[in-house]
Structures are given as C-alpha cells and as structure tokens.
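Work through the exercises below with the sequence and the model open side by side.

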Amino acid sequence: MDLRRSMLFIPGNNPGMLQNGGVFGADSVILDLEDAVAPMEKDAARFLVAQVLRTVDYGVSETVVRINPLDTFAAVDIKAIVPCCPDAILVPKVESAADIHQVAAMIAAAEKPEQTPVKIIALLETPCGIVEAYHIAKADPRVVALALGAEDYTAGLGAMRTKEGTEIFTARTIVINAAAAANVQSIDTPYTDANDEEGLLADTQLAKRLGFKGKLSINPRQIDVIHTVFNPSLNDIDWAQQVIHAIRKAEAEGSGVASLNGKMVDLPIVNRAERILHLAELLGLMGGEK
Amino acid sequence: MASIAKTAQAGTLESSDVMITVAPGTQGSGIVIELESIVLAQYGEDIKIILEKTVKDQGITDIYIKAVDRGALDCTICARTLAALSRAGAVLKEEII
C-alpha cells in the first residue's frame, strides 16, 4: 500500500519551491505544470521540472507531476517528463476511460525500457468525470488513485463553493465508492483557505469519515493537520490489536466467530483492523512509540 | 551543428532562479558568457561551466549568453538555459529534455 495521506502541490516554474519541496514530509509532492504555471511559461516549467526530477532528492515523498489537460499540452508534457522517472502522473480533467487509455499509451511510448512503470492518478474535476469515476479507475492497471478537484467541479455544476462542502458531498461519495470498487485509493480535494486551520481540520476529518485515504494540499502548513487526521490514533491501534487477538484466539479454539467486548468480530471488522495495523506499521506507530 | 535564430530569454530574477538571455553569435565567435551572480566569487566558474556544457551538449558553438543569477541550483541553470535555447529556435536533442 502506498501512503498518500497528503499530496502537496508545488508550482512547476518556481525553482525555490521545487528545490525545497521534499523537506515538508508530504507523502507525495505534485510538481505542477498545469494551473500553477502561466500559459507563456509552460515550456520553461517543463524544462525545469524535468531537470529537478533528475537531480533533487525528495526523500520519502512520492514524486508526482500534474501534466496539462489532454486537449492542451499533455502529449508534450508526458514525452518530456516520463523519461525523468516520476513515480506518477496526475492527469487533470479526466472525463472517461478513453482519456486514461490515451494517457497510458503515451506513457508507455515515453518510458525507458529499464524504468519502473509510471503510475496514473486521475483528477476528476468535471461532472462527466464524476459520472465515469468507476470506469476511469478500472481503465488501466497504472491507475492507483482517483482524486477529486472540487473547484472546477463546482464551477461545472454552477454551484457555489462553500467551506461546509455540501455542494460536493455527492461527488465525494461517488469518488470514494468508485475507487473502493476498483481497489484504488481516493484522494480528497484541497482545502483552499491556507490560513484556516480549524476549517482544514474539520474538512479533513469529514474526508476521512467518508472514506478518503488522503487529501490534496496547496500549502506545506496543511500537512501536519492532514497527517494527524489520517494517522491511526493509539485507540484505533489498540482496538485493532484486540480484534486480531480475539480472532486468532477463536481460530485456535476451532471457532470462526469471535467477539470483543460483547460485539461480534466478523470479516469486515478484521479487514478494518488489519488496515489500521498495516498503516500504523508503515508509519512506525506500533508499540506505542508515538 | 545546431544554432539559434534569434535572441530569447528564460527564467526570472527571483531568489533561487536565474535569468538567461541568449543571442546568436557570429560564426567562429565561440561561447561568450556574461555572468552576474550573488555568489560570483564562490561559484562563478562553476556556473560558467554549466552554461558552457549545456549549450555544447546541444551542439551549439557560437552564442552569446547573459546570465543574471540569484542563487540557482545547477538543475535550474541548466533548465533555464535549455528553455532560452528552445525559445531562440534551437532544435534540442530529445534526451536532454
């Protein structure tokens, strides 16, 4: 399981931000060739991101490049960026499985023979993209996650974007469900007010409750809050360990059914407990170290 | 032999960036570099080597380059030079991009 609790956007034409992007501890850094780059600077950003990918050490952060949409510079972005070995490409405004097929073919053509296959994360930010979410997630084995882009999406709906997010509730649950059905991750839209930490906390907690596995981020200051929410708590870990203990004990006694504090422990409960423990292990939270 | 057709510029004067201006050189003029840098004393020669290597790797031998450096890393100097060359009409070698 790849950890994508936080995915931090970094403007692709800003050398200072690009060279320091690895120090914030985001699970993924997204080097952005799309919205963060002025139209006249697309070429310069492409050269810069390509060079940066070859030389800057992003530590444990996954390197993701957001390319431009398919109807603009996607082809030239992919041709320049893929040979520089990013971990993944974030494709904006994906509207159909055909879009993913097209991107996957371009990536395959640009990859060097010895390179690790480049993954695809589909950014769904139009009403059509939301409708097609499941087919997009299943379109190609390279797809590892669906991400929601709520700003463009609400513009497409003609709805007012609010901090409460009622206008994107349906889209959120569709993306989460489609991703889960396709066995890929779901990543929530960014919280765009970088100065509102309480709002970010509430929005991230809601995202986690709904089932998202991570959140896009537009400011390094948001990362700690996002991680705090998505990290399993000590109570979660304790509960998960008790569940696993109970089911193992039951199995040893020849019973497939276990109970914990009077509640039945069945397969979905065990699966949830295993996910929590796996995440805790990845984060070094086991044994009460943190 | 690659060449450039016109004067072009890439980069900014922001911290950690470098602004590169390239102009066609006359035949036989060689690679002429004019460099301003906030770290000229410490890294001036290194920056010139990167500039020279980047254009030579593209097969360009006669060119004028002006670089105004604000503490750019090697990768930024290389990227901005390539962007300027591309904007000046050079056909770049694909593997460098």
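**Exercise 1.** Divide the lining of the second largest pocket into nonpolar, polar and charged residues, and then find which residues lie nearest its centre.

*Solution.* The structure to be examined here is a predicted model. Begin with the classes: the lining of the second largest pocket consists of 14 nonpolar, 4 polar and 6 charged residues. Next comes the extent of the pocket, which holds about 420 Å³ of space and is lined by 24 residues. Nearest the centre of this pocket are Phe9(A), Asp32(A), Arg66(A), Pro190(A) and Ile218(A). Finally, turn to the secondary structure: β1 (6-11), α1 (15-20) and α7 (150-157) of chain A each give two or more residues to this lining, and β1(A) gives the most, with 4 residues.

**Exercise 2.** Describe the largest pocket by its volume, its lining classes and the domains of chain A from which the lining is drawn.

*Solution.* The volume comes first, and for the largest pocket it is about 900 Å³. Of the 25 residues that line this pocket, Gly211(A), Phe212(A), Lys213(A), Arg275(A) and Leu279(A) are the closest to its centre. Sorted by class, the lining has 13 nonpolar, 4 polar and 8 charged residues. At the level of elements, α8 (169-181), β7 (185-188), α11 (234-252) and α12 (267-282) of chain A each contribute at least two residues, and α12(A) contributes the most, with 4.

**Exercise 3.** Decide which residues of helix α10(A) are buried, and name elements that cover them.

*Solution.* The cut-off needed is that buried means under 20% relative accessible area. Helix α10 of chain A, residues 223-230, has 6 of its 8 residues buried, and is therefore mostly covered. The buried residues are Ile223(A), Val225(A), Ile226(A), His227(A), Val229(A) and Phe230(A). Among the elements that cover them are β1, α9 (197-210), β8 (214-217) and α12 of chain A.

**Exercise 4.** Find the residues that touch the most other members of the largest nonpolar core, and follow the contacts of Leu146(A).

*Solution.* The largest nonpolar core has 91 residues, and those touching the most other members are Leu31(A), Val65(A), Ile89(A), Leu124(A), Leu146(A), Val22(B) and Leu85(B). For Leu146(A), set aside the neighbours within four places in sequence; the contacts that remain include Ala122(A), Leu124(A), Ile136(A), Val175(A), Val184(A) and Ile187(A).

**Exercise 5.** Where does Lys93(A) lie in chain A, and where does Asn261(A) lie?

*Solution.* Lys93(A), which is not a glycine, has a positive phi of about 50 degrees, and this residue is found in the loop between β4 (88-91) and α4 (97-110) of chain A. With a relative accessible area of 27%, Lys93(A) is partly exposed. Asn261(A), not a glycine either, also has a positive phi of about 50 degrees, and sits in the loop between β9 (258-260) and β10 (263-265) of chain A. Because its relative accessibility is 69%, Asn261(A) counts as exposed.

Terms used
Residues are numbered from 1 along each chain as its sequence is written. Chains are lettered from A and ligands numbered from 1 in the order in which they are written. This is a predicted model: local features need pLDDT of at least 70, side-chain atom pairs count only at pLDDT 80 or more; totals for chains, interfaces and linings use all residues. Side-chain values use heavy atoms; hydrogens and water are left out. A nonpolar core is a set of buried Ala, Val, Leu, Ile, Met, Phe, Trp, Tyr and Cys residues joined through side-chain atoms within 4.5 Å. Buried means under 20% relative accessible area, exposed over 50%, partly exposed in between (1.4 Å probe, protein chains only). Contact means heavy atoms within 4.5 Å. On a 1 Å grid over the protein atoms alone, a cavity is a set of points where a 1.4 Å probe fits but cannot get out, and a pocket is an open set with protein on both sides within 12 Å along at least five of seven lines; lining residues have an atom within 4 Å of a point. Grid points are joined across faces, edges and corners, and a volume is the space filled by probe spheres set on the points. Ala, Val, Leu, Ile, Met, Phe, Trp, Tyr, Cys and Pro count as nonpolar, Asp, Glu, Lys and Arg as charged, and the others, Gly among them, as polar. Domain bounds come from an automatic or database domain assignment.
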